[in-house]
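Q: I would like to learn how to read a few features of a helical model. Could you take me through them one by one?

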Amino acid sequence: MTTRSIRIPDEIDARLVAFAEARHTSVNSAIIRAVEEMMTRAAHQEAVTAATDEVFERRAELFERLADA
């Protein structure tokens with residue numbers, strides 16, 4: 001396991017501590033979950049973007065005809 005030291009503004013840290021306490025979890029666990037969720041959302045968005053690009057590339061002619069209509 002890796003240990004990292006990060007700087008968090010005081011206001012965000014206070015909110016983070018309150019958030020973790022309200023959920024009966026540690027600040028460390030809350031940060032790990034937040035990072036995991038952020039990376040999952042980013043990966044999903046990248047997959048959606050790639051799929052959309054593929055559809056537009058495959059159907060470029062159709063989209064051009066629709067635009068002209």
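Predicted model: local features only at pLDDT ≥ 70, side-chain atom pairs only at ≥ 80, totals over all residues.

Q: Where does His 24 lie?

A: His 24 sits in the loop between H1 and H2. The positive phi occurs there although His 24 is not a glycine.

Q: Is His 24 buried or exposed?

A: His 24 is exposed, because its relative accessible area is 75% and the cut-off for exposed is over 50%.

Q: Let's go to the helices on either side of that loop. How should I read two packed helices?

A: The general idea is that two packed helices are described by the angle between their axes and the distance between the axes. Here, the axes of H1 (residues 10–22) and H2 (residues 27–58) come within 9 Å and cross at roughly 100°. H1 and H2 are therefore roughly perpendicular to each other, since angles of 65 to 115 degrees fall in that class.

Q: Which residues make the contact?

A: On the H1 side they are Leu 16, Val 17, Phe 19 and Ala 20, and on the H2 side Val 27, Ala 30 and Ile 31. Sorted by class, the contact of H1 with H2 has seven nonpolar residues, no polar ones and no charged ones.

Q: And how does the length of H1 compare with what is expected?

A: H1 has 13 residues and reaches 18 Å from its first C-alpha to its last, close to the 18 Å expected at 1.5 Å a residue.

Q: What about aromatic rings: how do I read a pair?

A: In general, a pair of aromatic rings is described by the distance of the centres and the angle of the planes. A search of the whole structure finds one such pair. It is formed by Phe 56 and Phe 63, whose ring centres are 4.5 Å apart and whose planes are at 40°, so the pair is tilted.

Q: How accessible are Phe 56 and Phe 63?

A: Phe 56 counts as partly exposed, at 44% relative accessibility. Phe 63 is also partly exposed, with a relative accessible area of 32%.

Q: Finally, how do I relate separation in sequence to distance in space for Asp 53 and Ala 47?

A: Look at the C-alpha atoms. Asp 53 and Arg 4 are 49 residues apart in sequence and 37 Å apart in space. For Ala 47 and Arg 15, the separation is 32 residues along the chain and 32 Å between C-alpha atoms. Asp 53 is found in helix H2 and is partly exposed, at 40%.

Conventions
Residues numbered from 1 in each chain as written. Heavy atoms only, no water. Axes fitted to C-alpha atoms, helices over the stretch in contact; angles between N-to-C directions. Helix = DSSP H or I, 4+ residues; strand = E, 2+ residues; numbered from the N terminus. Parallel < 35°, antiparallel > 145°, perpendicular 65-115°, else oblique. Contact = heavy atoms within 4.5 Å. Nonpolar A, V, L, I, M, F, W, Y, C, P; charged D, E, K, R; others polar. Expected span 1.5 Å × (residues − 1). Buried < 20%, exposed > 50% of the residue type's maximum accessible area, 1.4 Å probe, protein only. Phe/Tyr/Trp six-rings, centres within 6.5 Å; stacked < 30°, edge-to-face > 60°.
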